[in-house]
Structures are given as C-alpha cells and as structure tokens.
Amino acid sequence: MKNATKYLLFFRNVVFLKWAFQILFLFGILSIIWNYIQNAIVNLANTNIAFSWGWLGETPGVSIAEGLYTLPISGLQMIQTGMINMFRITVTGIFAATVFGTFLGIARLSSNYIVEKSSTGLLEVVRNVPLLVQIYFFQAFVLSFPRLEVFETGEYLFHVSAKGIAFPWFNRGPNSYLLMVYALFVLYVANKIYKWRVDLLEREGRDTKPFLWSIGILVALLVLGWYGGFRAAGVVGFLAAYISIGLELVPAIVYQVLISSVAIYIGFKTTKRFIDSKKSEEAQGIYSDDDYFKIILNVVVVLLVVLIMFSSIGAGFAGFLVGDEITFKADWGLPQLFHGIDNKLNWYPSIDVEVVAEIEGMKKAEIINWEIEPGDKITKGDVIATAYATGTKIDKQEVELIALETGNVESLLVEEKSNAIKLGTPIYELEVTEGDPFIFSRPKVEQVGTTKFQRYADGHGKSLSVGYFAIWLGVVLYTAIFISEVVRAGIMAVSKGQSEAGLSLGLRRGALLRLVVLPQAIRVMLPPMGNQYLNLAKNTSLGIAVAYPEIVAVGQTLYNQEGQTLPVFLIWMMFYSSVSLTISSIINYYNRKMKIVER
Amino acid sequence: MVDVIKKNIKSVQESLFSSVGSSVLTIATSYLVLNFFRGMFGFIMSSDKDWLAVLNNMQLYMVQAYPESDFIRVWISVGLTFVFSGISIGLWRSEDRSNISVIFDRFFKVGLGLLFFTIVAPTFTSYMGNDGSVITEEVFSRSTRLGILIPTLIGTVGFLVLKNVKINFSYNNSDVVFLYLFIPVVLIWFVKLPVIQLDENRDRIMPDPLMPIANTTKIPWSVIFVLFLLSYFIGIYFKDVKRLKNIMSISWFLLPLLIFSWIFKKPVIEMNEVLTGDIPIFVIFFVVGLLVVLFINNPIVKKYYSIYLGVVLVGTLAGVFISIPMLAKACLLLLSLFSMVVPAVSTSTQGKRSLIIIWLVALVTLTFLLRGGASETGIIVPGSSIFGGFSLTWLLAIFGTYVSFPLGVMLALGRNSKLPIVRIICTGIIELVRSVPYITWLFFASVTLAVFLPAGVEFNLIVRVLMVTAFFSGAYFAENIRGGLQSIPKGQYEAADAIGMSPFQKTGLIVLPQALRAVIPTLVSSAITAFKDSSLVTIIGLFDFLTIGKTVIDNQSVPVNFVGHQRENLIFVAAVYWIFTFTLSRRSMKVEKRLGLGER
C-alpha cells in the first residue's frame, strides 16, 4: 500500500490537497489584510496624518475630570490615568458583584416564597434591560437632585446632590499603606496557622480549633499592628527602594535579550517535550504532517518573537520597561514602579491647618511672627506662631498659636503681618506623620475659596462623582445578576446525595453549605464566573456614556485632540486583551487548583 | 371550604414562617419590596414627571424623522412581517391544547395583582425640589382608589367564579396570541388620553379634547391585525402542503432584504437599465451556472475531477495575484467555489434541483440588492440620519443576527477544523474580536474603518456599524456553536465516514443540524444580547431608540418644552426593551422544552 501512494498523482494525495488548501487560505487572508493595509497607507498619506506614536510623549493640553493626573503632561500619562480609572471600577466591582451575586443566587434557591420570587423579579428586570439604559437612568436619577450650592455647608451623614453622592468612610491617615501591607502579611500568617491546625486535627484526631486559632492570632497581630507594629512593613519599602536603584542601572538591551532568551527557552522546551512524547511506545516515533507543522510553527513563533524584540517595536517596549522618561514623560518603567511602591509606603496625608480660638471670645487672628518655616518638623503642642487675637468682646492681645498635629510643615499660606484673618481659615499646610492610620469621617460640604461654588471636602467621608456612581452601580448590578445565575446553577449541579450524606453525618445547615456543597459547586462555577468578570471589565467601557474618564473615554479625547485614531485603537486592543488574559489566567489557575485530584 | 383554607394557611406557614430566620427574612423582604413599589408608584405619579413627553413623541420614537409621505412603506413592511408570521404560525402550529380556565386563571391573577397594588399604593409622595426643599403632594386620592378598586374587585371575583366553573372548552395554544393582540388593538380605538395643543403663547396646555393616543395608527394596526388573522387561517389551511414550508423558509430569508431596500432606499429604478443591463447579466449567470453544474456532473469530468479542480484552484490563485478586472476575479472565485461544492452536494437528482433553486434565489437576491440597495435613495430626510428610532434598533438587531449567524457558523467550523492553519486563523479572529468591548468596535466603525477602505469608497455609518456588528456577534455565535460541535459524539463522524459521505455532506447533513439544535437556547440568548447591545450605538451618535429617549426629547423645546424629562423617557425605553427581551427569552424556553433539550 505504501508503494501505491507513491505513484498517485500528486493532486490526488490527501496530504498535498490539505496543505495546498491551507496555504491558499493563508495567502488569501494575507492578501486581504495586505490590501487593507495598503489602502490605509494611501488614505493616511492623503489626509496628512502619518501613523505615529510620537503624541504619546507630547502634552495633550486637556484635563481629565477625575483620576491620578487631572492635568496630564503626556499622552501616556493620560492613558495611564484612564487605565487606573478603569481598574478602580473593575476591582471594586468584581468584589461587590461577587458578594451580591452570591447572596442573590442563594436567595433564588430559598424555600421562602417571598424571598425567592422577589429575587427572581429583580433578576428578570435587570437582565432584560440594556446596561446602557440602566446606567443612563442612574445618572439621570442623581442629576435630578438639586445643585450642591443650594445646601448649607457643614457635615452630613449621607448626601446626594447633582454633583454626586457622599457617605461616611474610613479615610487614609498617616502610615495607612504600611498598615495595609502589614495586614496582608498577617492574613498570610493566619492562613498558614489555619492550615497547620487543620493538619494537626487530621493527624491526631482531636479538636484543635483551627478557626479560633487563626482568628485569634489575626486579631492579636492586627491590634499589635495598629499600635505601631505596622512599622515592620517598612522593610518592604527599603527593599523596593534598593531594587529600584538596582534596576536603574540595567540598560534596555538586557530586557531585549532577556525576553528573547525566555522565548527561545520556552520554544525549545515545548518542542523537546513534543518530540519526547513522540518517542513513546504508542507513537512509535512516527511523525504525521501535522506534527511536522507543529514543530515548524514553534520555530517560526520563536523566531518572530526574537525578530520583534530586536526591531524598533521591541526597542520601544524595552524603553518602556527601563522607564525612558525623555520619550514618554510618564513614570511607568520597572525602576519607577518600585520607586513608587517605596513612595507609597512613606506616604502621609497632607492637610490644611485652620486657625482655632486660643482664648475665649477670639474672633480673628493677626499673625505677627511665624515660628516655623516649610520643611520644619513640629510636634503636637509646639508654638507655631505669635499673633494678635481680636474679638468684639475682648481686647487686642498677643497669643501663641499651638500646633494640633504632629508632622512636617509643607508651606505657609498666610504671610507675616498681613491683615487679620477669620477663624477657620487655613494658614499652613501640614504633612501629618502621627495619628491613626485610618480615620472614620463624615462627608462635608465646603465652599471653594471666595466663590459661591461648593464641593465635597477631600478627606471627609467619601464622595463619588455622578459618572463613577452610575457606571459602578450599573455594572455591579448587571454582573451580579448573571453571577447569581452562575451560583444557582453551580449549587444545583451538586447532587442531592451529597447534602443528604452531609446531613446524615450530623452537619448543620451552615457547615453543610460551607464544607460540602460550596467546595463542589465552586468547581462548576469558576469558568462561567471568569466569563462574567471579563464581561464586567469590558462593560466598564460604557463609562464614556456618563463622562467617566476611563480608558475608552480618555482614548476618544486623545484622538479628537491628535487625530491618531489607529494607534489609540491599537492601545485599546492591547489593553483589553491583556486584561482579558490576566483575568482568564487567574481563573484558570484557581480552576486547576480546585480540580478534583483523581486517582 | 374550611379545609381548603386550613391547608392554604398551613402551606403559607411552611413556606414563609418555618423558622425564626425565615420569618425575619420574609418580613424584611416584604418590607423592602413593598417600599420599592410604593416609591416607584410615587415616582411615576408625582407631578414633576411629565409623561406626555413620552406619549407625544411616539412617532419620533418609532421612525425618527422619516418623511410622513413615505409612511406607507413602513406600514407595508410591518404588515408583510405580520402576514409572514401569521402564515408561519399557522403552518408550524403545535397541537398543544389548554382548557379555557387557564385564560380565566391568568386574568384572575392579573386582577389580584392589580387589587394588591391599588391597596398598597401610597396616597402621598414627596420629592426634592430645585431649592433642596422636600415637596409632598397627594397622588392617589381616595375616590380614584375606590374607582379602580371596585371594578377590579368585581372583575376578579367574576374570573374566580368562571375559573372554577367547569367549562368543557379547550383552545389551541397558538390561538391565544390573537386574543392577547386583540386587546391592544381594541384599546387603541377606545382609550383616550389628553393631547397637547398649543395656544397662542406657545405654552403647553393640558387640553380637554381627549383623543385616542394612537389616532393616526389605529386604522393601519387594525388592518394589520385582520391580515394577521387571515394569514393564520391560510397557514392552517395549507398545513399539509410541505412545499409551502420550504417557500416560507426562503421568504423569511428574503424578507429582511426586501424591507431593507424598501424602507431604506426607495430605489429609483430605470427600466431601461434593467432591461439592457440586469436581465441579460442575470440570464447569462443563470445559464452559465446551470451549465457548470451539468458539466461537473458529467461522468467524464467526474473521472478526472482532481485535475479539473487543480486547474481551477491554480487559476483562482493566479487570479488573486495578477491584475485582472475585479469582476473576473469574482467570477473565478465563484467558479472554484462551485467546483468544490457541486460534486459534494449533487449526488442525486433532488440535490441537483435544489442546487439550481439556491443559485436562482441567490442571483435574484444579489440583483435586487445591487439594484435596490446600491441605487440612489429617493427618500429625503431632514438631518443627517435617514433612519432612526425603534426602526433602527430593530434593523441593527435583525441584521446583526442575520449577517453574523452564517459568519459565526463558518468561524466555528474553522475553529473546530482539523487543518491547523485554518484553525489558528479562526481562533485568532474569534479571540481578537471577543477580547475588546463592543463600544471600541463601534468607534472603530465610526472613525477608523474609513481609513482601511479604498479611496473614494464611503459607506453610511449604519452600514459600517452593521459590518462591525457582523464580526462581533459572529465571534460570539461562533463560540456558542463550537460548544454544540464539541457535544457531538465521535461515533457520528465515524458513522458518516463509514457510509462514504464527503466532508461537506458530513458537515451539512450530520454535524451542523445536531450541533445547532443543541445550542438553540444559547444562540437565542446571544441574539438577545445583540438586541440589547444595539443600544450602544447611542454613544457614536446614531439616532436609535435610546438616543431618541435620552437626548432628542430631552433637548426638545419647540414646539413644546420637554427639557428635563429624561427619567420618564428612560423608563419608557427600558420598558420597551424589557418587553421584547423578556418575551423572546420566554419563547426560547418554550422552544427548548418542546425540542426536549437539556433532558438527556
């Protein structure tokens, strides 16, 4: 038979036809793509807008409503702001949607008629209305409240106005980032202790109270941390600072070589593993045409990666990693990243300190002499200035102004020997270095300078802009509904025998759900859950509809400014693809971890 | 009777107050739900809402600025759709029957709901005025409440009695659609609502001449309803004619094209050109196609088929790269496609016949599209957008599905293929398209796509959006269909191979029918998503249903000032979307049940 195929006409050979067709197909696709690219080149030449990335380093000259840099100095910084705004919604949204969706999913399985029907009703309403309509409705709802200017200034518990909504919140005080890093470390320790106790329980068979132990140690360490133990986390800052210094010495070419060699290594490994698998007894070392293709494809992909890494694109990418500030004017690269971590850990809130009454009846103060200057360290109780105190019921007399907080003086807002100032006027800026890491406060409506405009004060409670509120609520509600379906399906997929077996062992309802049903349900739930998280991340792009400056909205502003539509589109594509990849790889990781280990 | 009440009370207690936790949950949820409904009612009824902003802009909502003189085109299209649906419902009517008491039961439940909400509806409502003060007002007076309560109570009790009386009358489940449609048709004749009239000062007055709100549409709707009913009976009458079912399927395929060029274009057709250009070309193509089919099926050609195919393929490949007219390239491509498909399909006389019919239909469609679709438009619409309102939403949804479905099938087959290059390319396309949100693709359509088109070629924004939507929904359809393809057991492929089927036959006759049947529910939910997603075109500035509600009416100050009434319009828009998607998802559930999916 083998000889017979030899004498067949070549175009009757299945393998020949197969590859002829595929190469034809490839050429067809490539020629279509090439055709469009040529069109693009001709069209761009006609419109005098050359495709370029140069605008990334130029100052766009527009401002962003909210975010990290409201006045970006480069296109890249603007995009960075958009990305971080997008993550603000995605990360908090995923958390909120998961919690709410799980509750809703369990409610839909409830035996309680009213609970079940009302959750189903909510589901049917939210699921069948387009997300955009919902977001617009939330926006219109908040905007229908009166302007902020009609409300009196002062503190409120909750506040809604056309400017957004505000509510009480824990605001970051001094050393809050240190405490957060410390808390992560504590969580890790508590988790380890839980595992150790469970292990002991399984080995010795006595009740080792793993939950109580881990919670106890968690609370103890957190209390310790709150009263100064957080300083231990300063080590991370030191490390980050040194890594940053080290990374600054690395030239761009090292990254190019590094990435290329990683690609070569991975390519080599996979090919070798493939060839080894072919040597097994089953395969008998016979290679089909597909196998040859696979090996060739591996080589081609590796070569492509190496080529790209040493082309201008690769050089630009390496420039990113090095943190080429001259080209991009953004603190992106790896050294800046670590430097940023160090900075964040040494971050202190800065406040405007106001004049308060030092003696009874004091209404105004007239500063005679500053005892401090910018850069000074002051402690609570220090004298900061001498001033004349005036009032309607008291004589003009000299008083000493006392510091109320410990910290570093940043700048003085009032000059010596100037006019008398009212109580409550800010006189100097202070970086507070001591105090509680988190401060619970209520929202406050304040007046901006001498204008009649008002705003929600920074550092008092939390205020959300209308756009943020609308997109966040819309996306969370919409995703939670779909997550509830996933949770419901997951729980229903666990066979009834499992819960019956658990009940017959004497488990209580909560323990049954926690120990028997949910661990099995999660396995079914994870892949569709990952899809929902992806949808949430993609749906945040609707922020553009309510003027929330996330990546798409920022990109649109940029191309309106620069006329570079194609690069902006490529940036969107790269950004969303990498977000999708990240989310799906996290989900895949957990999926693999959760899989039943079969014997 | 006492036993029944006791039993009911016991079941209520078991379901709602079985334990302390359950009771707390019951009370808390009831409190929340009740307050939500009361708040919603107050919100709807409060005097700072102007629902006339919705009612008076119905025309805008439906067709935007489409000229009134050409409304007949819209009506005929709607009528045609209804007639086709009527015939189809009649032809494919299921034999499920229900007793008349089911209808009474449904009305009884509606009555109960109405009673409940009339009782719990709040008398007063409050809202925040522009100066930050809270305004409280009466929205639901006692007399109105009684006026609704008493007739509803009588009706509900009536239906309760009717429901429990044993009437031996059953109806076909499909018939009931007409009963439910009959109610709104009657209502548009008799329900009267205030109509805005302008006085000399151009101020709005709440006028007394009460008119049916659908005054201009009541006659067309009634005619359409009668036609719908008639076509339903025609469908039932010809139920056993099998050929009619095939004809209907093809007609459904052609209907959107017809409607598209009918409403969108008002084609200006010159008979001269048609007689000298179109008809000869049409005839030539038809005859040549016929000859090619006969030629390929010739036993001698069949014997040396490989040589023939090789020559044609090489010719096509050469045609792509050498510079010959575009028409010649297209013809070569057509020929190679024909040469590959024909021997696979036309093994029998019937196959040959259906091939010729498909060829004829495709030619008719193409000619029609080229004549009607590419000709100058005869419709003059003020503003830049020729098409808007609900018609545009509908068009985007239908055409999105219509174009993307075949694309999705092809991509799914490609991704599932054994040929590695094809698989890699299809996977790449699907993943690339899916990883980016729809809105960025819409921006691509509105600003970037023009860059890639040949110089001088310009498409309407709607067409560009349709092109992008085809790919976007196509990728999602492809993923759904791939799920179906993977669910087919290997034995099916092997069995097809064993009886000597060609790859095309295997795919067309064995694999696809089973795969598509398995994924009908997910396909429907994807279509629903596409319908909902069509609202995103608001952001790129098309005047779809949502844009009308959100922007157009909110900016309306002439002749009547409707500024600041966005919420009412958004609620209306949401309700309309809800009705369509909810009905569709319920229908798909029923179809799923009828096909017995998910039961194995």
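Predicted model: local features only at pLDDT ≥ 70, side-chain atom pairs only at ≥ 80, totals over all residues.
**Entry: domains**

I started with the domain assignment. For chain A I found domain 1 at 2-47, domain 2 at 75-155 + 464-594, domain 3 at 169-348 and domain 4 at 350-432. I then looked up how far apart domain 1 and domain 4 of chain A sit, and their C-alpha centres are separated by 80 Å.

For chain B the assignment lists domain 1 (1-45) and domain 2 (48-61 + 381-600). Here I get 40 Å between the C-alpha centres of domain 1 and domain 2.

**Entry: a helix pair in chain B**

Next I checked α19 (461-486) against α22 (520-533), both in chain B. Their axes come within 10 Å of each other and cross at roughly 165°. Angles over 145 degrees count as roughly antiparallel, so that is what I call α19(B) and α22(B). I noted the crossing as right-handed.

Which residues make this contact? From α19(B) I listed Ser473(B), Tyr476(B), Phe477(B), Asn480(B) and Gly483(B). From α22(B) come Thr522(B), Leu523(B), Ser526(B) and Ala530(B). Sorted by class, the contact has 4 nonpolar and 5 polar residues, with no charged ones.

**Entry: where the chains touch**

I moved on to the contact between the chains, which takes 52 residues from chain B and 56 from chain A. On the chain B side, the elements giving two or more residues are α1 (2-16), α2 (20-45), α13 (305-321), α17 (420-435), α18 (438-452), α23 (545-552) and α24 (566-595). Which of them gives the largest share? I have α24(B) down for that, with 9 residues. By class, I count the chain B side as 32 nonpolar, 16 polar and 4 charged residues.

**Entry: a sheet in chain A**

Last, I traced an open sheet of 4 strands in chain A, in the order β5-β12-β10-β7, with antiparallel pairing.

I followed β7(A) to its pairing with β10 (407-412) of chain A, which is antiparallel and runs over 2 bridges. In that pairing I placed Ile378(A) opposite Gly407(A) of β10(A).

Notes:
Residues numbered from 1 in each chain as written. Chains lettered and ligands numbered in written order. Domains from an automatic or database assignment. Axes fitted to C-alpha atoms, helices over the stretch in contact; angles between N-to-C directions. Parallel < 35°, antiparallel > 145°, perpendicular 65-115°, else oblique. Left-handed = near helix turned anticlockwise from the far one by under 90°. Contact = placed C-beta atoms within 7 Å. Nonpolar A, V, L, I, M, F, W, Y, C, P; charged D, E, K, R; others polar. Pairing = 2+ DSSP bridges.
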